[in-house]
Amino acid sequence: MTSKVLLIVIDAATPRVVCPAIQTGHLPTMRRLAEIGDMHQASVAIFPSITPAATSTIITGAYPAEHGIAGASWFDTSRQEIAYYGDDFWIIMREGFGRFINDFLLRLNGDRMKAPTLFEMIERSGRSAGCLNYLVFKGSFPHRVNMPGLIAALPGVPFTEIIEGPSLLSLGDFVGTHTPTGHKLAEKGGAIHRFGMDDASTGAMLKDLASKNALPEFTVAYFADNDYVSHGVGPVAALPVVERVDKMLGEAFEAAGGLDRFLQDTAVILTSDHGHCEVLGDPSSVVRLDLLLGNFRQAALGKAWQPADQVMICPNMRATQIYVQHATSEIIQKLAIAMLVDPKVDQVIWRSQLTGGTSGYTVLTHRGRVEFARDGASHTVVDDFGGQWSWSGEATALDFDVDGRTLRYRQYPNAFERIAGVLDLDKCGEIWVTAKPGAEFEVPGGKAHVGGASHGALHQLDSLSPVIVAGGAAPRRLPRKMRSVDIAPLCMQILGIPMRYQVGDPRK
Ligand SMILES: [Zn+2]
């Protein structure tokens with residue numbers, strides 16, 4: 001049996017806050033879904049646990065090494081250009097709307113996206129798909145971008161452009177809001193609703209489609225506001241934002257004739273792209289890599305290499321990737337040691353061959369050093385998904401245990417696969433560095449979320465998402481261990497469409 005799928009993504013919904021709120025009745029719609037179906041409280045995000053890369057993973061089922069989106073900021077060596085998606089989707093006026101539209105709407109969903117999206121895979125198989133404000137929307141159908149007058153007047157903003165998305169594509173005031181049958185979707189636009197990209201707009205479109213029984217066979221509805229608010233006040237104080245999403249979902253299901261009726265032919269999957277980790281309220285919670293690396297010649301922030309530059313810092317909130325123009329074993333080790341001078345730096349991570357090893361990955365921390373590689377012969381251990389790894393060094397560096405051949409992670413869930421999942425990307429920096437819980441990286445001109453919350457690192461506080469499934473052809477039980485790369489295969493399984501990955505497959 002197959003059914004429709006409605007995938008709801010609430011940005012940064014953090015299970016240690018959201019799951020207790022569900023269980024105590026603060027989120028009644030989600031509670032009903034979890035009671036009818038199943039809830040997982042610790043699905044593991046990718047690394048870096050940051051929105052552009054993590055939402056790309058949800059919609060492709062791939063790690064960054066495969067989909068090509070290496071975080072929120074990276075350097076494309078072949079083109080000598082920085083891809084920059086901002087600290088946050090919504091702090092875009094600072095960088096300019098033109099940059100946002102060109103880099104995000106056009107490039108991320110154009111040549112930078114290397115893996116097929118669910119929209120493409122589903123519509124190629126003859127089924128219908130729709131996107132409500134999800135910012136990774138690459139698909140097979142052309143849509144005209146319409147710039148609201150206020151934005152069109154800004155420098156660098158193209159007037160109209162054709163983008164390719166699913167057959168039903170609604171991106172606020174910019175794209176669509178018409179169903180394939182010509183019906184205009186109700187949305188809330190204008191500057192006050194972030195040009196139709198806020199939760200109220202997504203909720204209104206979802207309710208409109210549900211009330212007319214007009215949802216495509218696969219629909220993604222994206223609710224961004226929680227991430228925005230939680231960055232400022234932390235995930236606990238941001239809970240009212242999730243409560244409003246819960247209420248909007250309840251209204252959409254009511255408009256469809258009630259939840260039970262809705263779930264007869266539609267499986268609902270609800271998840272987030274990453275969690276949020278509190279950033280302490282005093283200025284010493286900020287890590288300044290530009291100062292720690294003051295003895296190295298740094299590329300100007302956001303600019304391509306100059307001949308004399310040694311390092312380029314690409315900030316990703318609680319993680320940072322560092323490109324090294326002429327990488328040698330000596331300079332990698334020196335950079336690692338210089339960054340670890342700050343006690344708030346957690347892991348410094350690089351490919352082992354950069355410092356004279358053969359293959360695999362090296363992690364250096366204040367707690368010791370560990371090296372690991374895929375499918376090695378000696379010291380082979382097996383992770384929760386059947387992935388096989390050899391390792392040596394101190395397990396405390398990534399806080400794992402080995403029991404016989406079984407690898408058990410504690411504070412850094414599924415760390416080996418997630419590290420490999422970004423370091424294997426050719427556009428990835430030579431080094432990734434993470435901040436300890438409570439701390440965040442800051443670059444000149446940027447602003448850390450002091451006293452709020454942030455994400456990007458390997459730690460479980462950044463890295464866990466809830467998953468709720470109910471109704472339609474959804475499985476009665478979710479697997480004991482889940483990752484965000486399993487969401488796309490789960491959708492395809494419910495739709496009855498073959499995919500190159502199954503839920504729970506080890507990833508190479
Ligand atoms: Zn996010």
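Which residues in H8 meet which residues in H10?

1. **The H8 and H10 contact.** This is a predicted model. On the H8 side, the residues are Asp199, Gly203, Leu206, Lys207, Ala210 and Ser211. They meet Arg244, Val245, Met248, Glu251, Ala252, Phe253 and Ala255 in H10. An α-helix has 3.6 residues a turn, so residues three or four places apart point the same way. Keep that in mind when tracing the two lists along the helices.

2. **Geometry of the pair.** Two packed helices are described by the angle between their axes and the distance between the axes. For H8 and H10 the angle is about 15° and the axes are 7 Å apart. H8 is therefore roughly parallel to H10, since angles under 35 degrees count that way. The crossing of the two helices is right-handed.

3. **The whole protein.** The secondary structure comprises 16 helices and 26 strands. The radius of gyration is 22 Å, close to the 23 Å of the globule rule for 508 residues, so the protein is as compact as a globular protein of that length. The C-alpha trace spans about 65 × 60 × 45 Å along its principal axes. Of the 508 residues, 55% count as buried. Among contacts with a separation of 6 or more, 69% are between residues 24 or more positions apart.

4. **The largest nonpolar core.** This core holds 161 residues. Which of them touch the most other members? They are Tyr134, Ile269, Val422 and Cys491. Helix H10 gives the core its largest share, eight residues.

5. **Around Val422.** Leave aside residues up to four places away in sequence. Val422 then touches Phe47, Pro48, Tyr63, Pro64, Ala65, Ala70, Cys428 and Trp432. Two of these, Phe47 and Pro48, are joined by a cis peptide bond, with omega about 0°. Pro48 sits in the loop between S2 and H3. For a reader new to such details, most peptide bonds are trans.

6. **Helix H1.** H1 covers residues 15-23. Its buried residues are Pro15, Val17, Val18, Cys19 and Ile22. What covers them? The cover includes helices H2 (28-36) and H10 (239-255), along with strands S2 (38-44) and S26 (464-470). Just after H1 comes Gly25, with a positive phi of about 85°.

7. **Helix H9.** H9 runs over residues 225-233. Here the buried residues are Asp225, Asn226, Asp227, Val229, Ser230 and His231. Their cover includes three helices, H3 (51-60), H8 (199-211) and H10. It also includes strands S1 (4-10), S10 (218-223) and S25 (453-454). Gly234 follows H9, and its phi is positive, near 90°.

8. **Leu33 in helix H2.** Leu33 lies in H2, one of the elements covering the buried residues of H1. Is Leu33 buried or exposed? It is buried, because 26 other C-beta atoms lie within 10 Å and 20 or more are enough. Beyond its neighbours within four places in sequence, Leu33 is in contact with Val268, Leu270, Ile468 and Ala470. Leu33 and Ile468 are 435 residues apart in sequence, yet their C-alpha atoms are 7.0 Å apart in space.

9. **Two residues to check by eye.** Most residues other than glycine have a negative phi. Ala12 has a positive phi of about 65° although it is not a glycine. Ala12 is in the loop between S1 and H1. It is buried, with 32 other C-beta atoms within 10 Å. Asn133 also has a positive phi, near 70°. Its place is the loop between strands S5 (129-132) and S6 (141-146). Asn133 is buried too, with 28 other C-beta atoms within 10 Å.

10. **Pro475.** Where is Pro475 found? It is in the loop between S26 and helix H16 (487-495). Pro475 has 14 C-beta neighbours inside 10 Å, so it counts as partly exposed. Pro475 and Pro216 are 259 residues apart in sequence and 20 Å apart in space, C-alpha to C-alpha.

Definitions and conventions:
Residues are numbered from 1 along each chain as its sequence is written. This is a predicted model: local features need pLDDT of at least 70, side-chain atom pairs count only at pLDDT 80 or more; totals for chains, interfaces and linings use all residues. A residue is buried if 20 or more other C-beta atoms lie within 10 Å of its own, exposed if 12 or fewer, and partly exposed in between; C-beta atoms are placed from the backbone. Helices (H or I, at least four residues) and strands (E, at least two) are DSSP runs, numbered from the N terminus. Two residues are in contact if their C-beta atoms, placed from the backbone, lie within 7 Å. The radius of gyration is taken over C-alpha atoms; the globule rule is 2.2 Å times the number of residues to the power 0.38. A nonpolar core is a set of buried Ala, Val, Leu, Ile, Met, Phe, Trp, Tyr and Cys residues joined through C-beta atoms within 7 Å. Axes are lines fitted to C-alpha atoms, for helices over the stretch in contact, and angles run from 0 to 180 degrees between N-to-C directions. Angles under 35 degrees count as roughly parallel, over 145 as roughly antiparallel, 65 to 115 as roughly perpendicular and the rest as oblique. A crossing is left-handed if the near helix is turned anticlockwise from the far one by less than a right angle, and right-handed if clockwise.
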